[in-house]
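Dear colleague,

Please find below the structure for your review.

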Amino acid sequence: MSHATTLAYARERDAADALSHYRQQFHFPKHNDAPVRYFTGNSLGLMPRAVRAYLETELKSWETYGVEGHFEGPHPWMHYHKLFNEKAARLVGALPLEVVVMNTLTTNLHLLMVSFYRPTSGRFKIIMEGGAFPSDQYAIESQVRFHGFRPEEAIVELVPRTGETHLRHEDIIATIAAEGPQTALVLLGGVNYYTGQLFNMADITRAGHAAGAVVGFDLAHAAGNVPLQLHDWNVDFACWCSYKYLNSGPGGPSGIFVHERHAQNAELPRFAGWWGHDEGERFKMKKGFKPMPGAAGWQLSNAQVMAMAPHLASLDIFDEVGMPALRAKSEELTGYLSWLLDELQAEFPQSGLHVITPKNPNERGCQQSIVVPKIGRKVFEYLSANGVIADWREPDVIRVAPVPLYNSFEDVQQLYEMLRAAIIQNS
Ligand SMILES: *Cc1c(COP(=O)(O)O)cnc(C)c1O
């Protein structure tokens with residue numbers, strides 16, 4: 001595809017974009033009275049305008065009904081978590097029975113590992129990404145220790161080949177095959193938070209199962225970013241957060257997926273709570289935990305309604321647009337950014353600027369991770385001072401995520417202009 005670096009070209013693309021009006025449904029922070037160029041939807045998504053009304057509905061129920069709000073009002077809280085089943089299922093390619101919204105991400109990683117990491121003396125390893133998001137590293141390491149194993153023996157880290165910036169798919173599959181007989185669990189991110197690499201989850205799941213391991217994914221950077229088919233891919237379990245691409249506000253709730261084939265398995269060990277208990281007799285307050293079938297059986301507590309209302313507002317938007325349309329725009333938008341970054345690289349070869357995210361659209365979501373050696377920090381500060389919100393990762397990576405719901409081609413073109421100006425100023 002041939003593009004142009006000009007603002008006029010970007011505006012033409014925006015005028016032809018069928019999703020461009022969704023931008024109006026979000027609040028943008030301001031810089032010098034103009035909306036910022038926001039590229040950190042991979043960290044905290046912008047606030048949908050609808051959130052205030054969704055929250056107001058639940059505040060009104062609380063104000064009007066007190067405890068009766070569990071049974072009264074537009075969304076009785078007793079069943080609030082069920083409002084998410086269909087919508088979250090469509091988002092991740094699952095059956096409604098296979099998903100539930102609850103807790104926060106790291107909590108759910110632990111709960112799911114309780115059920116799905118069951119090491120034995122012969123099969124105790126966990127295969128994960130080297131340099132995974134710190135919370136995942138700590139969660140996995142502590143689970144390993146909890147079972148009496150040593151992290152340095154039990155954790156197998158996938159790392160890029162020397163001189164390469166991201167993992168080769170064939171290396172992931174080869175590691176799973178080689179470590180397979182001792183592997184209890186393969187647990188990767190769907191999209192790596194640092195490089196933006198999208199993994200082939202269907203293939204990885206097949207390889208993990210062929211090796212006799214359980215396969216799970218942390219979808220923090222995948223949910224709402226790339227299309228998912230967790231059920232068809234046969235993934236055993238997954239979890240994600242809702243405040244990144246899913247725009248549900250700071251500390252927003254997590255979602256989990258547990259494949260249908262585990263739905264009725266009451267033998268799986270789990271840490272239980274009353275909300276996971278058979279709802280027909282939940283209020284009989286009897287002894288003896290009897291889990292709900294499906295993901296619902298992993299719930300601990302009654303719904304955190306005030307944290308979940310913004311998530312509902314957001315999922316309604318995702319449901320309306322649909323992941324196929326979002327992904328189609330995302331490929332265009334990130335394709336444009338990728339092309340512009342190539343232009344910069346060609347114009348300023350001495351800057352050393354390069355992208356560590358895979359070039360192949362099938363191996364990335366919307367994020368681009370840009371390395372700017374030496375002057376990276378200065379470039380990043382120049383962007384911030386000029387109303388471009390990006391994300392800085394030591395030692396020299398600038399992460400930017402043009403999201404299809406509210407970013408425009410103009411945003412991307414302006415990012416290019418600012419990067420260019422920053423390089424010129426600092427070289
Ligand atoms: C954002 C993120 C987290 C954060 O976990 P919380 O429990 O929501 O604080 C964990 N893991 C990954 C891979 C992430 O990207």
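The ligand takes up the space of the largest pocket. A pocket here is, on a 1 Å grid over the protein atoms alone, an open set of points with protein on both sides within 12 Å along at least five of seven lines; a molecule sits in it if more than half of its atoms lie within 2 Å of its grid points. Please note that this is a predicted model, in which local features need pLDDT of at least 70 and side-chain atom pairs count only at pLDDT 80 or more, while totals for chains, interfaces and linings use all residues. Residues are numbered from 1 along each chain as its sequence is written, and side-chain values use heavy atoms, with hydrogens and water left out.

Around the ligand (a heavy atom within 4 Å) are Leu-105, Thr-106, Phe-133, Asp-136, Asp-218, Ala-220, His-221, Tyr-243 and Lys-244. Oxygen atoms of the ligand lie 2.6 Å from a side-chain N or O atom of Thr-106, 3.1 Å from one of His-221 and 2.5 Å from a polar side-chain atom of Tyr-243. The protein covers 82% of the 390 Å² of accessible area that the ligand has on its own (Shrake-Rupley method, 1.4 Å probe).

As for the cysteines, the whole structure contains 0 disulfides, a disulfide being a pair of cysteine sulfur atoms within 2.5 Å. For Cys-241, the nearest cysteine sulfur is that of Cys-239, 9.3 Å away. Cys-241 is buried, at 2% relative accessible area (buried means under 20%, with a 1.4 Å probe and protein chains only).

Kind regards

How values were computed: Buried means under 20% relative accessible area, exposed over 50%, partly exposed in between (1.4 Å probe, protein chains only). A polar contact is a pair of N or O atoms within 3.5 Å; within protein, one must be able to donate a hydrogen and the other to accept it, and residues adjacent in sequence count only if both atoms are side-chain atoms. On a 1 Å grid over the protein atoms alone, a cavity is a set of points where a 1.4 Å probe fits but cannot get out, and a pocket is an open set with protein on both sides within 12 Å along at least five of seven lines; lining residues have an atom within 4 Å of a point.
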